[in-house]
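Please look at the sequence and the model below before reading on. The account takes the sheet and then the helices.

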Amino acid sequence: MEMPKLQPFAIKTKKFSFYSKLCRLLFRKRQWQLIADWHYVLPNQRTIILPKGFVFDGSSYPAIVWWLFSPTGLLLIPVILHDFCFQYNYLWAVQGNQAFKFKQGNGFFKWSALIRQVGIQRNELRFIDSFTWLMGVCFGWINWLSFQRREKQELVPDGLIIKHK
């Protein structure tokens, strides 16, 4: 599996007071952007693609998880998928030279279960991925609801024919 190509965004600290810098250090999360379309094979062998330009920060994972596990460390792959699913409520699936919205409207619990499966398949750390899933199910509702209310610009994979169902 090829890793995603990511570009970090700077956390701005210039011209801020010492206390503002300290708050940014402790509470601001770095954002990352996919700089190329990224293909991933799910546990059910379905190939999905996350489009270039997708920006994430791992914030849809509950903060208690960040204290224990970095969202850009071992959990990177599940975090990217989790943030995309939470923002758009679908994944782009690839079939031949076409892409279509896969599991559109799947919802909070089904996305959480899929991300847990991805984590277990990818990391082979069932306890950590199950703990992360449990924290997400218990505390992830606020983020889920806020993501569903936001206006979003739809991102489309490059070089594929978009199939509308």
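Predicted model: local features only at pLDDT ≥ 70, side-chain atom pairs only at ≥ 80, totals over all residues.

Five strands form an open sheet with mixed pairing, in the order S3-S4-S6-S7-S8. The edges are taken by strand S3 (38–41) and strand S8 (161–162). Each of these has a single partner strand, so one side of each is left without a neighbour in the sheet. Further in, strand S4 (residues 47–50) and strand S6 (residues 91–95) run antiparallel and are joined by two bridges. Ile49 stands opposite Trp92 in S6.

Helix H3 (residues 76–88) packs on this sheet, where it touches S3, S4 and S6. The direction of H3 makes about 105 degrees with that of S3.

The axes of helix H4 (residues 108–123) and helix H5 (residues 126–139) come within 9 Å and cross at roughly 165 degrees. Angles over 145 degrees count as roughly antiparallel, and the two helices are therefore roughly antiparallel to each other. The crossing of H4 past H5 is right-handed. On the H4 side, the contact is made by Phe108, Phe109, Ser112, Ala113, Arg116, Gly119, Ile120 and Asn123. H5 contributes Arg126, Asp129, Ser130, Trp133, Gly136 and Val137. Sorted by class, the contact of H4 with H5 holds six nonpolar, five polar and three charged residues.

Key
Residues numbered from 1 in each chain as written. Heavy atoms only, no water. Axes fitted to C-alpha atoms, helices over the stretch in contact; angles between N-to-C directions. Helix = DSSP H or I, 4+ residues; strand = E, 2+ residues; numbered from the N terminus. Parallel < 35°, antiparallel > 145°, perpendicular 65-115°, else oblique. Left-handed = near helix turned anticlockwise from the far one by under 90°. Contact = heavy atoms within 4.5 Å. Nonpolar A, V, L, I, M, F, W, Y, C, P; charged D, E, K, R; others polar. Pairing = 2+ DSSP bridges.
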